[in-house]
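I opened this notebook to record what I looked up in a structure that was new to me. My plan was to begin with the chain as a whole and then turn to its parts.

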Amino acid sequence: MNAAAKPAPAPVLAPVPAPAPVHYRVDASDTHTHRYRITLTIDQPSPFQVLSLPVWLAGRYMVREFGRHLSGLSATQGRAPRAVQQLDKTTWQVACRGSAALVLQYEVYAFDTSVRTAFLSTERGFFNNTSLCLRVHGREEQAHHLSLVGLSKGWLVATAMPSRSAGARGLHYAAADYGELVDHPFELGPFWRGRFKAQGVEHEFVVAGAWPGFDGQRLLRDSQRICEEHIRFWHGARGKPPFQRYVFMLNAVDDSYGGLEHRASTALIAARKDLPRVGEASLGDGYLTLLGLISHEYFHTWNVKRLKPTELCRIDHTRENYTELLWFFEGFTSYFDDLALVRCGLIDGPRYTKLLAKAATAVQSMPGRRVQSVAQASFDAWNKYYRQDENTPNATISYYTKGSQVALCLDLTLRREGRGSLDAVMRHLWALGTERGSDVVAAAGARGLRAALRDPGNIGITEADIAQALQAVGGRSYAAELKAWVHGKGELPVADLLPTVGLAQSREAERLSAAWGLRLSEGPVTGCVVRQVLRGSAAEAAGLCAGDEIVAVQGWRVRRLDDAAQWLAASLAEAGASGASGVSTASAAAVAAPPKPRSSKAAPLTVIELIVNRDQRIHTLRLQPDPQATRLPTLQWTLDEARIKADAACAERRRAWWSPSA
Ligand SMILES: [Zn+2]
């Protein structure tokens, strides 16, 4: 370099253009082999661009490793192929050169009818983007676009993802970031479609696979009532929900049930026979269950999609995301789902009371409630509730049913003390979103302040926030209740609280299986097969175990256990009359005992003889019905109208509890 030379002028750096949105082209033409073909274009890739598929889907707390259905991944820049290195079962790395766009091609096999993954056939298509869209590491916060091509003739598309345009080259959608992309499922096919407005906001309902004669108009009317009740619950009579448009996607099948919540839509699956039918005015139990599901998933739009555990505000797609709060987000949602049905007038008080009693019975029939608290059950959802087997009722408690009973106990306690209700607690928590406001301000730039204020985005809450909201509404600390009901393993005081709202509890006659502590599958061909044996039950003491086929009871062949109740009642009465006593304790040791002669008059008939087929070997077991605590109560709750007449405060409490949200 010549020292005398003039210094070179500083180079003028041209501004680097922002990279184009990550773009996925989804080709749905390969219907008969159930494969989506995806072309992913990444502008300005990293030199070593990493990509991965999530291993779980928000709302389903289980690692499923969607990557197992992905295959044929190849990469190019311009015309040059690029090496793809697989790093683990769900992660890949591509060595890139320069900033030319990286184009990846791969296919995803899709033949799961559930709401969790993806499906493609000649009849319909469905996908969650957690199954189809590789996450481009380092680009998660940028805009993600999706184009849909290759749709079969006559197929429609339903999704809540905002549409960019539709043209000859497909349908185009846009998400603000990867988190939004994977929170908008798509339904494809020649489905039924209807619309309604709730509090002035557009709602769309699509149903795939319904039988002819399905009453879509009734489904729309009933759903509208539920949605309006929920919007009023959170925002009052003139309020607006935190979305511009909402989509229900229901897949009607032979026999299934479930749903998955999203920020502005839900994917549902239900039995065809449970859909309403033209000309039928009654509300059958199947359709009632479907309405409960619709109500549940819609309530989640607030409670878990926006109000959420702080641990889930930033989802880690690569591993389990633990929280102790599913008793609140699933349990309280389960409480308000059916409550909305009575509040909007779809069911009456007695029917609602039966639904409540069913949940109480479900809690009572799980011995695991004495093993895990509902907070522990939440934390363990990943390998307990979502990995159910024959031991599940003994090892854990459902955070859905017990959580809903915790909500009931808190609500009735608040109402009895006269300071407020659980409705007010939920609204208090929602208000934290605008108080804290961090998401509102952060999101305002992209979405406009007005839209941001309407949709607060993530409102991360902790158990301390819930405790604080209870105290703010109830005027005292509820720490003792939370400690006992949420972190304890004792019984909930439901029966003591029922009279405060004019309800009474009784116990129904039990089925033999419930009385003995068994869960069975029964049929004329399969016979009577034990699925689960409950801890501490008479069946466990007798030595029964999962997989046993109960062949005979007291010398008679049985294919439905309840049939045996008829001859057992006669035999037990006979034994009682002959003064039989001194019954030996039945135990697992009885497995080896020799068979006794049938229906011998001398036999102590307070012990029941069972012939059991266990893995092709025949055993004789003795079961001693236990009249004590291990009996499983089937609870019946009824309206106590005499109390309502006598106690005005009680009547007012129940009226307010079941009244529509104002
Ligand atoms: Zn749920």
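The model is predicted, and I began with its secondary structure, which comes to 20 helices and 31 strands. I then looked up burial and found that 41% of the 662 residues of the chain count as buried.

Next I turned to the largest nonpolar core, which holds 137 residues, and noted that Tyr-36, Ala-118, Leu-268, Trp-327 and Val-406 touch the most other members. Helix α5 (residues 326–343) gives the largest share of this core, eleven residues. I also noted where the core lies: domain 1 (22–190) and domain 2 (302–499) both give residues to it, so it lies between them.

I followed Leu-268 and, leaving aside its neighbours within four places in sequence, found it in contact with residues including Val-115, Phe-248, Leu-293 and Glu-297. A second, separate core has 25 residues, among them Ala-541, Ile-550, Ile-608 and Leu-623.

My last entry concerns an open sheet of five strands, with mixed pairing and the order β17-β18-β19-β21-β20. Each of β17 (192–198) and β20 (258–261) stands at an edge with a single partner strand, so one side of each is left without a neighbour in the sheet. From one strand to the next the twist averages 15°.

For β17 I looked up the pairing with β18 (residues 201–208), which is antiparallel over seven bridges, and found that Arg-193 has Val-206 in β18 as its bridge partner. Helix α3 (residues 216–235) packs on the sheet, where it touches β17, β18 and β19 (245–253), and its direction makes about 35° with that of β17. Helix α4 (residues 285–300) also packs on the sheet, touching β19, β20 and β21 (265–271), and its direction makes about 165° with that of β21.

Terms used:
Residues numbered from 1 in each chain as written. Predicted model: local features only at pLDDT ≥ 70, side-chain atom pairs only at ≥ 80, totals over all residues. Core = buried A, V, L, I, M, F, W, Y, C linked by C-beta atoms within 7 Å. Buried ≥ 20, exposed ≤ 12 C-beta atoms within 10 Å, placed from the backbone. Helix = DSSP H or I, 4+ residues; strand = E, 2+ residues; numbered from the N terminus. Domains from an automatic or database assignment. Contact = placed C-beta atoms within 7 Å. Pairing = 2+ DSSP bridges. Axes fitted to C-alpha atoms, helices over the stretch in contact; angles between N-to-C directions.
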